[in-house]
Amino acid sequence: MVTGGLEGAGVFGEVTTRQAGDDDAVCGVRPRWVALPETVEEIAAVLRACAERDLAVVPAGGGTKLHWAPPPERCDVLLDLCCMNEVLEHAAGDLVVRAQAGVTIAALSAALAGEGQELALDVPFGEDATVGGTLAAPLPGPRAFRYGTARDLLIGITVVLPDGTVARSGGKVVKNVAGYDLGKLFTGSYGTLGVIAEATFRLHPMPPERRWVVAELGGARVPAVAAALAASQAEPSAVEVDRPDPAGPLTLAALVEGTAAQTRGETLRELIGPAEVSGEPPSWWGQVFGDDVLVEVRFPASGTAAVLDAAAGCGLSLRGSPVAGRVLLEPGRELDEDELAATVSGLREKVEAAGGRVSVLAAPCQGVDRWGHVSGLPLMRRVKERFDPGRRMSPGRFVGGI
Amino acid sequence: MDTLIAALRSLLPHDSVITDPVRLRTYECDGLTYHRATPGVVVLPGTAEQVARVVRLCNDFGVPFVARGSGTGLSGGALPREDGVLIVTSRMRAILEVDLADRRAVVEPGVTNLAITEAVRDRGYYYAPDPSSQQICSIGGNVAENSGGAHCLKYGFTVNHVEACEIVTPDGDLVTLDRMDPGYDLLGAFIGSEGTLGIATKITVRLCRAPEAVTTVLAAFESIEQGGQAVSAIIGAGIVPAAIEMMDALAIEAAEAAVACSYPEGAGAVLIVELDGPAAEVERQFAQLEEICSAAFELRVAADPAERAAIWKGRKSAFAAVGRISPAYIVQDGVVPRTSLPAVLAAIDRLSAEHDIKVANVFHAGDGNLHPLVLFDDGDPGAGERAEVVSGAILDLCIEHGGSITGEHGVGVDKSRYMPKMFSADDLDTMQLVRCAFDPQGLANPGKVFPTPRLCGEVPGVRKGVHPLVESGKADQL
């Protein structure tokens, strides 16, 4: 069924399809059609049809991060997963949920909260961001320090390969080592290996109490305070810092969850100095600032001081976790392409000297080295080659032009 | 093989190449002793570069290779090939770096799991995954198997605690896979691939801060049903203990005979629950736990490490202990959703009665990981076959209930024939794409994990005649 024009009629059989408009462009590349599959089988049907006609496909969820990564080399079909929006199974007694890829994180959270459970990921843009997008383009949130990232909480996945093959790995039990873990491979693959259709996650009970310990801190004290918090037996779930003005003050916030949160929060306060213990997070907690340009830095804890200095030296706002070794940086003002490229390369030099890595998650231009050196790149190319020999899945959107 | 051995001798120090038939025999199996094969040759490399050279040589000769750590695996993952090279990492035993500021350690693959914890314990840290064989099993083997342990309910598996691996790819390249690096999560795909995607030669593990408080509780119930209800109630109360273990009467009897663990007499089931974390939290959870276990006829609480060890002693010795009550046994590793435990245990009971084969149940109840010990007398004709039937039927039950054929022991050579029951041909073919990307020649631990794999480059669904891997002896038709 095709609405809004007949050019694509029949191409995708019974799958709802419409002509693409300017609003559907992916980084300026306008697809010809938008396909709206409602089932795994319909995704497979669309991908089979695309394979027969050599059409390039970009999968999309809520579109919140679709402008991240470079533009696709080509894009004929935008595969919009918004109709795959069912929570398929919430086995509360097993602390497991299975959901279709298009379910928004907000809808999923609401369903889980009914049973006093949660998916312990702090997903930005959660009102619109979907399960599939959260896996394909994951962004570790504050509590990754305690619970790990999306790949650590994913226990099963259903994917559709570029040729329409439907494949599952993992399952709905947390403990499972049967076969290769395709979930790991597809998490963070930016739509370049196939389409994530369904996912199963392990859940956690919603903590009965939460307290944030919030303090203004001199940047120079951050490494020592962060180390003390990370080693504290009061067990913070997250420690985040926020420095919107590279030359301005820095706020540190630590989260404790579970029982006896107030007492434990007070224990953490002793490690920080003057601080407020609050039942509410600071306004910036878990939020991404503007993401026209967004740079992610990952680093070992011992590199914290160097990363803070490098960010300030390059004039970048900073937010993220000194204990998990991950911060997001953003330029406070608009940079032209040359300025951005120079900023990134200067930053990368300093960060890599401290044992860290710089990735440009979002940038509106081409002339920036987004990933730097990637040690496993030859193997990654071989994986891409096997999964997508025709280079039709989000071509050119990932490391090394994969 | 002779030319290969000569070439190996030119690559490695003299005492690193073993060809003496008697010494080769000592490597003929891993912890799963009923699969045996004498390796063509054994090498004991001392460095990553030596591992890479051996693997490159295997490529030149088109000879398969199998990696082996301490040989404690329970699925035959390190079963050697008579026509291949067994690469043993036992000489790569250095802890290269311990960095508490970064909460990580860099170790060689032959380092034992427990050695990592022992290196940092007095400074208040530990390495979390704790398979029962942790005193001897190697970290390289843990990476290959994605090992868990009793405490993975709360803390996760090897894959959640490894930050980076230097690997030798099946082509013989040294590549570092690091969680910090952008790109595909090849580290995540590599861990748990059972030696089929290469060999880890250097591993960076995450170290955890020791918890402030640990409370270990032994609860004795009259029946396994009561124990099961307590498990559900614990999870339902929003408690995530570090471990919840259960043993049934037969398993208790065996442990008692072997190590005199003095579990409460007459128990139909015992539950071991370990709570850990901030003292205030553990205290509150313990109060909840006492209430939940009100049906228990006895509740013991360990007050110190010695008492904790006494509680764990029976559980940790359970596998070895069944030797006291049965001449032979098969241990399974299936997983079911926790809520299916009562139904599955009842079905195992029925299977046991139907085939006249005793089954002792020991399991990680918190995550539904069963370790049924299927007991039989290998002197009794037909008993082994009946035990095999029961053992297989238990795996079928796990699959029926939406679980898995293996929670932590791996597929290896033992359970590859069950893979098509758990996964479709398309699922397995897709996994094979990963294999082909890493190992196009199919030389890395062939014949493990997957039932007769498709050759890389072969089109699905058109296989005819004898499989070339079978014909060339690189795989068995299962």
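## Helices on the sheet of chain B

Two residues count as in contact here if their C-beta atoms, placed from the backbone, lie within 7 Å. With that in hand, take a look at helix 8 of chain B, residues 224–236, in this predicted model.

## The seven-stranded sheet

What is the strand order in the open sheet of chain B? Reading across, it goes 15-12-14-13-17-18-16, seven strands with antiparallel pairing. Strand 15 (298–302) and strand 16 (328–331) of chain B sit at the edges with a single partner strand each, so each has one side left without a neighbour in the sheet. Going from one strand to the next, the twist averages 15°.

Strand 17 (residues 358–364) and strand 18 (residues 369–376) of chain B are joined by seven bridges in the antiparallel sense. Within that pair, His364(B) stands opposite Asn369(B) of strand 18.

Now for some parallel pairing. Strand 4 of chain B, residues 85–88, has cover on both faces. Val85(B) and Ile87(B) point to one side, Leu86(B) and Val88(B) to the other, and all of these are buried.

Strand 2 of chain B (residues 41–43) runs parallel to strand 4 and is joined to it by three bridges. Here Val42(B) has Leu86(B) as its bridge partner. Strand 3 of chain B (residues 65–68) also pairs with strand 4 in the parallel sense, over four bridges. For Arg68(B), the bridge partner in strand 4 is Val88(B).

## A UniProt domain in chain B

UniProt, in an unreviewed entry, lists residues 35–210 of chain B as "domain: FAD-binding PCMH-type". In the model, that stretch of chain B is 22% helix and 25% strand. Its end C-alpha atoms are 39 Å apart.

## Chain A as a whole

Chain A has 11 helices and 20 strands. Its radius of gyration is 22 Å, close to the 21 Å that the globule rule gives for 402 residues, so chain A is as compact as a globular protein of that length. Along the principal axes, the C-alpha atoms of chain A fill a box of roughly 65 × 55 × 40 Å.

How much of chain A is buried? Buried residues come to 58% of the 402. As for contacts in chain A with a separation of 6 or more, 66% of them link residues 24 or more positions apart.

## Two positive phi values in chain A

Phe125(A) isn't a glycine, yet its phi is positive, at about 55°. You'll find Phe125(A) in the loop between strand 8 (117–118) and helix 3 (131–136) of chain A. With 20 other C-beta atoms within 10 Å, Phe125(A) is buried.

Tyr190(A) is another non-glycine residue with a positive phi, near 50°. Tyr190(A) belongs to the loop between helix 6 (182–186) and strand 11 (195–202) of chain A. Tyr190(A) is buried too, with 24 other C-beta atoms within 10 Å.

## Where the chains meet

Across the interface, 69 residues of chain B are in contact with 62 residues of chain A. Several elements of chain B supply at least two residues each to the side that touches chain A: strand 9 (174–178), helix 7 (186–190), helix 8, helix 10, helix 15 (419–422) and helix 16 (425–438). Which of them gives the largest share? That would be helix 16 of chain B, with nine residues.

For the complex, the predictor gives an ipTM of 0.96 and a pTM of 0.95. Chain B has a mean pLDDT of 93, with 95% of its residues at 70 or more.

Two stretches of chain B call for some care. Over residues 461–465 of chain B, pLDDT stays under 50, and the model has two contacts beyond four places in sequence for them. Residues 474–478 of chain B also have pLDDT below 50, but this stretch has 20 contacts beyond near neighbours in sequence.

Technical notes:
Residues are numbered from 1 along each chain as its sequence is written. Chains are lettered from A and ligands numbered from 1 in the order in which they are written. This is a predicted model: local features need pLDDT of at least 70, side-chain atom pairs count only at pLDDT 80 or more; totals for chains, interfaces and linings use all residues. The radius of gyration is taken over C-alpha atoms; the globule rule is 2.2 Å times the number of residues to the power 0.38. A residue is buried if 20 or more other C-beta atoms lie within 10 Å of its own, exposed if 12 or fewer, and partly exposed in between; C-beta atoms are placed from the backbone. Two strands pair if DSSP finds at least two bridges between them. Axes are lines fitted to C-alpha atoms, for helices over the stretch in contact, and angles run from 0 to 180 degrees between N-to-C directions. pLDDT is the predictor's confidence in each residue, from 0 to 100. UniProt positions are given in the numbering used here, feature names are shortened, and annotations may be inferred rather than shown by experiment.
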